[in-house]
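Please consider the model shown below.

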Amino acid sequence: MTIKTIRMFDGGFISQPFAFGGEEGKEAFDDQMYYRNSLQNYVLDLGDEVILADTGIDDGFSQPRTFGAPLYMGDRVSGYMDALKAAGIDPARVTKILITHKHNDHTDHIKSFPNAKVYLSPEEADAMKLEGENVVRCPFSDGAYYEFERSQIIAPGVRYVFAPGHTKGNSIIIAEDDGLFYMMHGDVTYCDAALKANKLSIIFEDKAAARDTLDRVRAFVKARPTVYLSTHCPEGYESLALKRVMKLA
């Protein structure tokens with residue numbers, strides 16, 4: 001198994017109140033404290049098939065750099081499809097797409113893979129109004145997976161795990177390879193500092209579920225050597241390149 005990063009934006013920032021303020025409120029945190037931000041997704045090459053973990057944002061997306069903004073994803077590095085090809089992935093080899101959640105920075109290029117099976121929770125499928133023979137409303141019928149109650153085996157070493165909160169149908173992807181666990185989590189946290197500080201961002205559809213998911217993620221990471229592959233901070237692609245295991249107090 002080879003896991004690669006599909007980088008789209010870099011050099012951005014996120015404020016501490018935005019990243020940490022989901023429970024205590026934004027006013028409890030320092031609005032002059034910022035963390036690095038970016039946008040990337042991941043792809044798993046299993047040899048006989050290629051599986052996407054989310055599908056990036058539309059190539060026409062742009063975001064102005066605004067002084068004092070709570071979130072800026074950075075400067076464009078590449079469009080999603082160009083980045084995929086630059087990583088050595090032939091789009092025709094993509095057989096499955098695992099969607100963490102419905103937001104467009106994770107789903108815009110579903111349309112670019114009409115022959116791939118698209119896995120997502122029933123809640124997200126309903127929210128996105130996705131239909132068709134290639135849409136798999138995942139039942140998460142393969143039972144518990146360590147700290148998580150519901151999961152689906154997608155391929156050898158690849159689990160799709162129900163992890164609601166950020167959205168009502170949010171999921172994560174965990175791959176096991178050579179003694180390490182690679183967690184592709186979408187937006188469970190918006191920066192790795194929030195995971196370490198045990199803080200929710202201000203963006204969620206179900207606060208209680210988001211807290212439960214963060215608790216389960218932290219328990220999983222504490223118990224196993226886990227490379228934490230974030231979507232919205234550069235530590236994600238840096239950790240993948242270094243096979244750097246997340247350490248939590």
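Predicted model: local features only at pLDDT ≥ 70, side-chain atom pairs only at ≥ 80, totals over all residues.

Me: Which strands lie at the edges of the open sheet of seven strands?

Reply: The sheet has mixed pairing and the order S4-S1-S2-S3-S5-S6-S7. An edge strand pairs on one side only. The edge strands are therefore S4 (71-76) and S7 (135-137).

Me: In S6, which residue is the bridge partner of Lys96?

Reply: Strand S5 covers residues 94-98 and strand S6 covers residues 117-120. The two strands run parallel and are joined by three bridges. In S6, the partner of Lys96 is Lys117.

Me: Within what arc do the buried residues of helix H7 fall?

Reply: In H7 (residues 235-242), the buried residues are Gly236, Tyr237, Ser239 and Leu240. Seen down the helix axis, they line one face of H7, because their directions fall within an arc of 160°.

Me: At about what angle to S2 does H7 run?

Reply: The buried residues of H7 pack against strands S1 (2-15), S2 (34-45), S11 (180-184) and S12 (226-229). The face turned away from this buried side carries the exposed residues Ala241 and Leu242. H7 lies across S1 and S2, and its angle to S2 is about 50°.

Me: Is Ser151 buried or exposed?

Reply: Ser151 belongs to strand S8 (residues 151-155). Its relative accessibility is 0%. Buried means under 20%, so Ser151 counts as buried.

Me: The side chain of which residue is joined to that of Ser151 by a polar contact of 2.7 Å?

Reply: Beyond its neighbours within four places in sequence, Ser151 is in contact with several residues, including Phe140, Tyr145, Arg159 and Tyr160. The polar contact of 2.7 Å joins the side chain of Ser151 to that of Arg159.

Conventions:
Residues numbered from 1 in each chain as written. Heavy atoms only, no water. Buried < 20%, exposed > 50% of the residue type's maximum accessible area, 1.4 Å probe, protein only. Helix = DSSP H or I, 4+ residues; strand = E, 2+ residues; numbered from the N terminus. Arc of directions from axis to C-beta. Contact = heavy atoms within 4.5 Å. Polar contact = N/O pair within 3.5 Å; in protein donor to acceptor, adjacent residues only side chain to side chain. Axes fitted to C-alpha atoms, helices over the stretch in contact; angles between N-to-C directions.
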